[in-house]
Amino acid sequence: MNAEVLFGLAGAVLAGLGLYGLVADPAPLRKLLAFNLLGGGVFLVFGVVARRGAAAGLGGDPVPQALVITGLVVAFAATALAVALLRLLFERTGQTLLDTAAQERTSPDQADG
Amino acid sequence: MMAPALPDMPTAGGFLLVLAIMLPIAGVLLQFMLGGRQAERIALLVMPAGLAVAVAVTAALMLSGRPLVYHLGNLAPPLGLALRADGFSALMLMTTALIVSAIGLFARADFATPTGTVEARAPFVFWTLLLALWGALAVVFLGQDLFTLYVGLELLTFGAVPLVSLDGRAETLTAALRYLLFALFGSALFLAGTVLFYGEYGTLDIALLATRTHPDTTSAIAVAMMTAGLLAKTALFPFHLWLPPAHAGAPAPASALLSSLVVKGPFFLVVRLWFGAMPGLTDLPAAQLLGALGAGAVLFGSVLALCQPRLKPLIAYSTVAQLGYLFLMFPLAGGVGLPASVRMAVWTGGAVQAVSHAFAKAAMFAGAGLIGQALGHDRISGLRGVGRALPVTTFAVAFAGLSLMGLPPSGGFMAKWLLVRASIATAQWWWAALVFAGGLLAGGYIFRIIAPALSAPEKPLPAIRTPARRREVVVLALALISVLLGVVPFGLTTLLAVGNPTIAHIVPR
């Protein structure tokens, strides 16, 4: 087993764990962490793709590396937005669960406009 | 069959595509620099300019009959990035420009910065995100590189999520958070598919992929992941759970944007992926699966819309249902040896459904906003007499409903007629049956709004805050466009044939 296969498998495992957490875990904060795990796995696979595409004396194909940097920025921004929403939700309700049934019972019928 | 065409060369009007993306984004940057009450003014200034660019792009396509192409930095793919507008892109650009402008005019009353304050949070956020969404949609409609499209998709999400929770109530925050988590699920899967494509074919340019892709396991996994991710973002059944609370809870102008335009972005990318990057996918049984999910959306969304006690959730569930029709494009356009006329009819049907639903839904949400403000609530049981108090708005909502039901002569009718004809031409009668059933169910939920609105009130309505005539006219204009799309063809077929991937190998350009 060479390094690329090992890293590729590790990336796949990370992505799989993250995907499972994102779908199965009920708590939003843990879902968010799972999303980051999933992202980490995908970025690792990006690295493997870059390594496999190595040519012309370079250690790796630079294009996937450039894409990973952009991907990291996007994932960071997404995480920041989600954390901001979670904090605001905690300030308003004192909890961070997505149980709408409980919230609909507490909030009266009102018009939105 | 012809050999695959070479990727397009840059065309003279290509700079228009850069303008279409840069104008709204430059507007957002200016808004952040100048801040405060300038945000609204800048948004209102960008609107006519953006509209003019969209018209120019459409006109260029109609006149030359060829797609517009621009290579960033004058580098051709696979080294550089391409922007490309085919007929569908131009149509969606026009739709976006018109609806953003209309909703901008409509929203002035809701999101005016109060006199005496330098900057108010909700108005500033609304006006910046309005332009941000516009720019993001332009990237999605024009991008020709899967990673560019990923970035556009993310910009779209980041613009849309805060619009849901503009009022900061706990339930809208929950709705926004759930939307964001679904969207992140979608973006991670889209990105994972992108990596696999790059690893397999060494390019992310859609035109190059179209010539290189072949159906193997890696491509199948990549397409499956990207499609699942996009479906989560476009809220196709069974990924629709986030949509109703998010779209029903947002302020009316925001709901109108989210329901009419934002969900069309990921759908557009599914079309790009299935018809553009991987031609031939629609011949596979997977296309039937997409159609089946669409059918689930039509039935499930319509039945739930029939059960809603309030107006805005009803309209939101109607969005879930109407999105389902779009996915009938995939099973209907498939089939080896399908005549070009049928492919074109399916393509036009899908595009007209996307556009007429966009106008109808913008009108309905904006109209529901006016009704909610006038009555102080949006319970359907309390709508009696609204038809007399707000005749123009009620008329507009009814007109938009006509298009959603698919009654002639509306745009919705034309779309569904084309889809039904294609399902008969391809001997897939079950899709025709679905379109009829969906039309009946839509008739049911529209009737639930219109019947009480037009009946006489049991007791005189309490004092009603009459909305400004200007706002009612905007709603009416949106509804009229969605109906007129069926009457005046606007050269739609000609436009949609430009650079169309489904007929590209039949009509060489």
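How many residues does the contact take from chain A and from chain B?

1. Basis of the note. This is a predicted model, in which local features need pLDDT of at least 70, side-chain atom pairs count only at pLDDT 80 or more, and totals for chains, interfaces and linings use all residues. Residues are numbered from 1 along each chain as its sequence is written, while chains are lettered from A and ligands numbered from 1 in the order in which they are written.

2. The contact between the chains. Chain A contributes 36 residues and chain B contributes 36 residues. Two residues are in contact if their C-beta atoms, placed from the backbone, lie within 7 Å. On the chain A side, at least two residues each come from helix H1 (3–24), helix H2 (28–52), helix H3 (62–93) and helix H4 (100–106). Helices (H or I, at least four residues) and strands (E, at least two) are DSSP runs, numbered from the N terminus. With 15 residues, H3(A) gives the most to the side of chain A that touches chain B. That side divides into 22 nonpolar, 9 polar and 5 charged residues. Here Ala, Val, Leu, Ile, Met, Phe, Trp, Tyr, Cys and Pro count as nonpolar, Asp, Glu, Lys and Arg as charged, and the others, Gly among them, as polar.

3. Chain B overall. Chain B has 21 helices and 2 strands. Its radius of gyration is 22 Å, close to the 23 Å that the globule rule gives for 509 residues, so chain B is as compact as a globular protein of that length. The radius is taken over C-alpha atoms, and the globule rule is 2.2 Å times the number of residues to the power 0.38. The C-alpha trace of chain B spans about 70 × 55 × 40 Å along its principal axes. Of the 509 residues of chain B, 64% count as buried. A residue is buried if 20 or more other C-beta atoms lie within 10 Å of its own, exposed if 12 or fewer, and partly exposed in between, with C-beta atoms placed from the backbone. Among contacts in chain B between residues at least 6 apart in sequence, 80% join residues at least 24 apart.

4. The 27 residues of helix H2 (residues 38–64) should span 39 Å at 1.5 Å a residue, and the end C-alpha atoms are 39 Å apart, which agrees. The expected span of a helix is 1.5 Å times one less than its number of residues. After H2(B) comes B:Gly65, whose phi is positive, near 70°. Helix H3 (residues 87–107) of chain B has 21 residues and reaches 30 Å from its first C-alpha to its last, close to the 30 Å expected. Of those 21 residues of H3(B), 19 are buried, so this helix is largely enclosed by the rest of the structure. For helix H12 (residues 285–307) of chain B, 23 residues should span 33 Å, and the end C-alpha atoms are 33 Å apart. Buried residues in H12(B) include B:Ala287, B:Leu290, B:Gly291 and B:Gly294. Among the elements covering the buried residues of H12(B) are helix H13 (311–326), helix H14 (329–333) and helix H19 (429–454) of chain B.

5. The strands of chain B. Strand S1 (residues 68–71) and S2(B) pair in the antiparallel sense over 4 bridges; two strands pair if DSSP finds at least two bridges between them. B:His71 has B:Ala82 in S2(B) as its bridge partner. Strand S2 (residues 82–85) of chain B is covered on both faces: B:Ala82 and B:Arg84 on one side and B:Leu83 and B:Ala85 on the other are all buried.

6. Loops worth checking. B:Asn74, in the loop between S1 and S2 of chain B, has a phi near 60°, a positive value in a residue other than glycine. B:Asn74 counts as exposed because 8 C-beta neighbours lie inside 10 Å. B:Ala235 lies in the loop between H8 and H9 of chain B, and its phi is also positive, near 65°. B:Ala235 is buried, with 31 other C-beta atoms within 10 Å. The loop between helix H8 (217–234) and helix H9 (243–249) of chain B holds B:Pro238 too, and a cis peptide bond with omega of about 0° joins B:Phe237 and B:Pro238. Another cis peptide bond, with omega of about 5°, joins B:Pro408 and B:Pro409.
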